[in-house]
Amino acid sequence: AQKHLSLFPFLLVIPKVTKHLLSNPVFTCIILAACMEIAVVAGFAAFLGKYLEQQFNLTTSSANQLLGMTAIPCACLGIFLGGLLVKKLSLSALGAIRMAMLVNLVSTACYVSFLFLGCDTGPVAGVTVPYGNNSTPTSSLDPYSPCNNNCECQTDSFTPVCGADGVTYLSACFAGCSSTNLSGCSCLTSLPAANATVVPGKCPSPGCEEAFLTFLCVMCVCSMIGAMAQTPSVIILIRTVSPELKSYALGVLFLLLRLLGFIPPPLIFGAGIDSTCLFWSTFCGEQGACALYDNVVYRYLYVSIAIALKSFAFILYTTTWQCLRKNYKRYIKNHEGGLSTSEFFASTLTLDNLGRDLVPQNQSHRTKFIYNLEDHEWCENMESVL
């Protein structure tokens, strides 16, 4: 019965304590900056396999394997190195925020380099170039042509083939190939009938393999450096709240990370990617998945969204640095640097057991004091209460 009686005041104090935490500009800016950093991971990494597949003509399985073998281990290494640097350098909150700003700048520069690392879509018959007639207006491009009208080609799947003329066709059917050995393709009008053959897959772009190797190396560096900002952010967050609220502050952090960092970004990245589609597949008259993208626009939009999120995170880091530089003692609860042993263990407590902890006889418990406050007693300076 006692537990049920204590639940109601516990629920009442949650919004008030949350409001108090979010009214701290350092706390709020650090959480929002962490959300922006996670948003880049959640959005950019969610479509990275598809990006590699489209930009560098990789298969889905090979793209996912390369990501698993490179980007993820580098990110894990970055988290470890970030914590190691904070420990070895004994960084204060100001030092930690400077480290986060520097790491953010370097990782943003890596993302900017991605704008120049990619491959063009290349000529695709009926989508980017006309069928064998360069005088056809681009606005009237159509995958269906007199050379494949009798083939009854379907657009429910995308199985590209590369013609001997260097042009990619949506499928062997759209290339007008009548035989199973992919020869005698009537749409390859610039070549003799004996040489009118196609091979499975898109036509390769010149210099694409070298660009992919460079992209992979930069991605490893970017993943490692970007992950180094996580530990300094958490260090600042737990130093900017009172020991009794450290565990609750971490709970607010992870809640907002999931609400702001993991839900909207995939939707934003997905909508941006879909806007670059050149050709949609159809199934029973209904629009299906995108079969072909404009690789250049895809690359610029996809990377630019990540750069915008990283830039917003840098602005938030800068705001945090300005607040700490002007009034360090106001925002940092332990001014001597690292957490003491007692403060560390206090940060692992939760609000539901704070009222049951043993305290010295001459010290009133501050959390119980909060529970017993009436609404009119929540004065302006809540810092004195907590």
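This is a predicted model: local features need pLDDT of at least 70, side-chain atom pairs count only at pLDDT 80 or more; totals for chains, interfaces and linings use all residues.
User: Which residues does UniProt list for "transmembrane region"?

Analyst: UniProt positions are in the numbering used here, feature names are shortened, and annotations may be inferred rather than shown by experiment. The unreviewed entry lists residues 21-46, 66-86, 98-117, 212-238, 250-273 and 301-324. Helices (H or I, at least four residues) and strands (E, at least two) are DSSP runs, numbered from the N terminus. Residues 21-46 are 85% helix and 0% strand, with end C-alpha atoms 31 Å apart. For residues 98-117 the figures are 80% helix, 0% strand and 30 Å.

User: Is helix H3 mostly covered or mostly open?

Analyst: Buried means under 20% relative accessible area, exposed over 50%, and partly exposed in between (1.4 Å probe, protein chains only). In H3 (residues 48-56), seven of the nine residues are buried, so defined. Among them are Leu 48, Tyr 51 and Phe 56. Their cover includes helix H2 (25-44), helix H7 (208-227) and strand E5 (286-293).

User: Which residues touch the most other members of the largest nonpolar core?

Analyst: A nonpolar core is a set of buried Ala, Val, Leu, Ile, Met, Phe, Trp, Tyr and Cys residues joined through side-chain atoms within 4.5 Å. Here the largest has 84 residues, and Phe 44 and Phe 114 touch the most other members. H2 gives the largest share, 13 residues. A second, separate core of 22 residues includes Leu 170 and Ala 291. Contact means heavy atoms within 4.5 Å; leaving aside residues up to four places away in sequence, Phe 114 touches Phe 44, Tyr 51 and Phe 215, among others.

User: What is the strand order in the open sheet of three strands?

Analyst: Two strands pair if DSSP finds at least two bridges between them. The order is E2-E1-E3, with antiparallel pairing. E2 (168-169) and E3 (198-200) are the edge strands, each pairing on one side only. Three bridges join E1 (residues 161-163) to E3, where Val 199 is the partner of Cys 162.

User: Where is Ser 90 placed?

Analyst: Most residues other than glycine have a negative phi. Ser 90, not a glycine, has a positive phi of about 50°. Ser 90 sits in the loop between helix H5 (71-89) and helix H6 (93-113), and is exposed, with a relative accessible area of 61%.

Notes
Residues are numbered from 1 along each chain as its sequence is written. Side-chain values use heavy atoms; hydrogens and water are left out.
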